[in-house]
Amino acid sequence: MKKYKIAAWIMIIHGGVMELGGVFCMISAFIWGTDKFDIGQYFAFKLPYFQNNLYMMMVMGAIYGVLRLFGAIGLLRNRMWGLVLSVINCVVTITLMMFLLPAGIMDGILASSALILILMQYFGDKKIVE
């Protein structure tokens, strides 16, 4: 259970700081106006489509962040749905991280760490073939 808790806290940090942090950035951009607060000058994606749609990327990041937090809470409460949601979140994040450079590097590190811990705890010392 200890590895599940560590993985859950990694996911809480990942969801809270990285994903939901983008939402707070978006809220401040709406307060001060998007003409005065150009997010693109502080943060850049390598793919032009993502760069041109940064506000939609922030909304999607918020959805990922909330789902990641729900999965982590379920994992902390020892619920199977939390385990499954956490594994799905990690796998999807690892798959998409290459398209979201440079932030995808940190996404990949955090999601991979959590996924490895979850799988190590779930499968333990089981062997492929006895």
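The model is a predicted one, with local features needing pLDDT of at least 70 and side-chain atom pairs counting only at pLDDT 80 or more, while totals for chains, interfaces and linings use all residues. Residues are numbered from 1 along each chain as its sequence is written, and side-chain values use heavy atoms, with hydrogens and water left out.

Let's start with the overall layout. The protein has five helices and zero strands (DSSP runs numbered from the N terminus, with H or I of at least four residues for helices and E of at least two for strands). Along the sequence that reads α-α-α-α-α. Of the 130 residues, 37% are buried (under 20% relative accessible area with a 1.4 Å probe, protein chains only; exposed is over 50%, and partly exposed lies in between). If you take the contacts (heavy atoms within 4.5 Å) between residues at least 6 apart in sequence, 69% of them join residues at least 24 apart.

Now to the packing of helix α3 (residues 54–76) on α4: their axes are 7 Å apart, at an angle of about 140°. Those axes are lines fitted to C-alpha atoms over the stretch in contact, and angles run from 0 to 180 degrees between N-to-C directions. The α3 and α4 crossing is left-handed (the near helix is turned anticlockwise from the far one by less than a right angle; clockwise would be right-handed). On the α3 side the contact includes Y64, L67 and F70, and on the α4 side W81, L85 and L96 are among the residues involved. By class, this contact has 10 nonpolar, six polar and one charged residues. Here Ala, Val, Leu, Ile, Met, Phe, Trp, Tyr, Cys and Pro count as nonpolar, Asp, Glu, Lys and Arg as charged, and the others, Gly among them, as polar.

Move along to α4 (residues 80–96) and α5 (residues 103–123), whose axes come within 9 Å and cross at roughly 140°. That makes α4 oblique to α5 (under 35 degrees is roughly parallel, over 145 roughly antiparallel, 65 to 115 roughly perpendicular, and the rest oblique). The α4–α5 crossing is left-handed. Among the contact residues are V87, C90 and I94 of α4 and A111, L115 and Y122 of α5. This contact divides into 10 nonpolar, three polar and one charged residues.

Y122 is partly exposed, at 40% relative accessible area, and F123 is partly exposed too, at 43%.
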